[in-house]
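Please read them with the structure open.

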Amino acid sequence: MQKPLPFDAAFVRRLAEKYPTPFYLYDEKGIRKSARDLNAAFAWNAGFREYYAVKALPNPYVVEILKEEGLGADCSSLPELMISERVGLTGEDIMFTSNNTLAHEYRKAVELGAIVNLDDLSHIDYLKQHVGLPELLCFRYNPGSAREGNVIIGKPEEAKYGFTEEQLFDGYRKLRDAGVKRFGLHTMVASNELKGEFFVETARMLFDLAQRLYAQVGIRIEFVNLGGGIGIPYRPEQQPVDLKAVGQGVKALYDSMIGGTALDPLQIKMENGRMITGPHGFLITSAVHHKNIYRNYVGVDACMANLMRPGMYGAYHHITVLGKENAPHDQIVDVVGSLCENNDKFAIQRPLPKVERGDLLAIHDSGAHGHAMGFQYNGKLRCAELLVKEDGSVKMIRRAETADDYF
């Protein structure tokens, strides 16, 4: 099975004549559509807001596009806060969800007026000591064995993130007694999840918690953040999450659990990254070498330093040999980079058409956790990022590193 591309081989080859491979190529039209589809699915909730997970693709040009679509920014570090500020996102346009957080990061978030989402009970006193408690605070809930995670995020009870339920209740009492007036509730229990019902059940869990917090602690939760984690179909046989069904499933729970109660209206927030930009980014790389020993290898000029997901997670990324989409996929190869590490592979025993030196390969679904996770082992250089704009023109939105950057 093949996965479609939003551009043809001739278009990419012309780009490769101007910009040396490897490079990332992002499709603005697709990114905007993903943002609009998610917003439409939750349009029934007047307070709905998607906070794009900046960690997925921390490029100011992309964050600015998403700002234009009404998205906020989910940040977890000082530089991510600075990127958001630079494109004009401030105040409650930003949600700051971090862990093991340093005082200067909290200080910047509070200065911006961001929604601060605390990760640990002890951080209440830490924030109060170093910065002061803002009017609005949120806690990240870790349900432990009450919920199952998945491969990428792991079991909640083994994760370093969030409050236990007991700590959650103690924490809100502490905030209430300290004079905090506004409260949010957040969780994040899955990553790259393709089962839409998972997110509906997350909403049920948070709605229930909000009810019990109101009854037992006397605080009214202003919003619940369902987290991110909506997956994308990396494999051609997989189907995307039905966003409309998720939105309607959450609405049905809202109507039965929240509607008409003291918690109504309750705002719904999310913080997806992968589903917004992931399918609309491609790592373009050139075939350079072939090696035939115990296996057959195709060597390309990109490496794990450009895209670590396959090496780190064993993740599947579909590969198209541009111009050979309809050729027989009768060669079984490993597609590899040049790092001095044997997990530097983009594909293992993958059927592909015959690849010749100079062929261009497009590695699909690289628009999230791709360039962002780049590194410089072996003295490698991170590659350029290009944006295909809605009018078909191309803009370089991050230059490639050069050896001079090391000095």
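**Notes on the predicted model**

1. Start with Asp 365, which sits in the loop between S15 and strand S16 (384-388). The model is a predicted one. Asp 365 has a positive phi of about 55°, although it is not a glycine. Is Asp 365 buried or exposed? Its relative accessible area is 4%. Buried means under 20%, so Asp 365 counts as buried.

2. Asn 192 is another non-glycine residue to check. Its phi is positive, about 55°. Asn 192 is placed in the loop between S7 and H8.

3. Look next at the cis peptide bonds. One joins Thr 21 and Pro 22, with omega about 0°. Pro 22 lies in the loop between helix H1 (9-18) and strand S1 (23-27). The bond from Asp 264 to Pro 265 is also cis, and its omega is near 5°. Pro 265 belongs to the loop between H9 and strand S9 (267-270).

4. Helix H7 (residues 165-177) deserves a slow look. Does its length agree with what a helix of 13 residues should span, or disagree? At 1.5 Å a residue, H7 should span 18 Å. Its end C-alpha atoms are 19 Å apart, which agrees.

5. Which residues of H7 are buried? They are Leu 168, Phe 169, Gly 171, Tyr 172 and Leu 175. Seen down the axis of H7, these buried residues fall within an arc of 160°, so they line one face of the helix. On the other side of H7, Glu 166 and Asp 177 are exposed.

6. What covers the buried residues of H7? The cover includes helix H6 (123-130) and helix H8 (196-217). It also includes strands S6 (136-141), S7 (182-187) and S8 (221-225). After H7 comes Gly 179, whose phi is positive, near 95°.

7. Now the salt bridges. The whole structure has 27 of them. One pairs Arg 176 with Asp 177, and their closest N and O atoms are 3.0 Å apart. Arg 176 is partly exposed, at 35% relative accessibility. Asp 177 has a relative accessible area of 59% and counts as exposed.

8. Helix H9 (residues 243-257) holds a pair of its own: Asp 255 and Lys 251. These two are 4 residues apart, about one turn of the helix. Their side chains meet in a salt bridge, 2.9 Å from N to O. Asp 255 is partly exposed, at 43% relative accessibility. Lys 251 is partly exposed too, with a relative accessible area of 27%.

9. Lys 345 and Asp 334 form a salt bridge, with the closest N and O atoms 3.1 Å apart. The pair links distant parts of the chain: Lys 345 is in strand S14 (residues 345-352), and Asp 334 is in strand S13 (residues 331-336), 11 residues apart. Are Lys 345 and Asp 334 buried or exposed? Both are buried.

10. Salt bridges with shared partners join Glu 28, Arg 32, Arg 36, Glu 68, Glu 69 and Glu 390.

11. Val 355 lies in the loop between S14 and strand S15 (360-363). Its relative accessibility is 6%, so Val 355 counts as buried. What does Val 355 touch, leaving out residues up to four places away in sequence? Its contacts are Ala 287, His 290, Val 298, Val 321, Lys 324 and Leu 361. Asn 343 is 12 residues from Val 355 in sequence, and their C-alpha atoms are 21 Å apart in space.

12. Tyr 313 is part of helix H11 (residues 309-313). Its relative accessible area is 37%, so Tyr 313 is partly exposed. Tyr 313 and Glu 193 are 120 residues apart in sequence, and 15 Å apart in space, C-alpha to C-alpha.

13. Last, the surface. Leu 381, Tyr 406 and Phe 407 form a nonpolar patch there. Together they have about 370 Å² of accessible area. Tyr 406 is in the segment after strand S17 (394-398). It is partly exposed, with a relative accessible area of 38%.

Definitions and conventions: Residues are numbered from 1 along each chain as its sequence is written. This is a predicted model: local features need pLDDT of at least 70, side-chain atom pairs count only at pLDDT 80 or more; totals for chains, interfaces and linings use all residues. Side-chain values use heavy atoms; hydrogens and water are left out. Patches are made of residues with over 30% relative accessible area and no salt bridge: like charges are joined within 9 Å, nonpolar side chains (Val, Leu, Ile, Met, Phe, Trp, Tyr) within 5 Å. Accessible areas come from the Shrake-Rupley method with a 1.4 Å probe; for residues, only the protein chains shown count as cover. A salt bridge is a side-chain nitrogen of Lys or Arg within 4 Å of a carboxyl oxygen of Asp or Glu. Buried means under 20% relative accessible area, exposed over 50%, partly exposed in between (1.4 Å probe, protein chains only). The expected span of a helix is 1.5 Å times one less than its number of residues. The arc is that of the directions from the helix axis to the C-beta atoms. Contact means heavy atoms within 4.5 Å.
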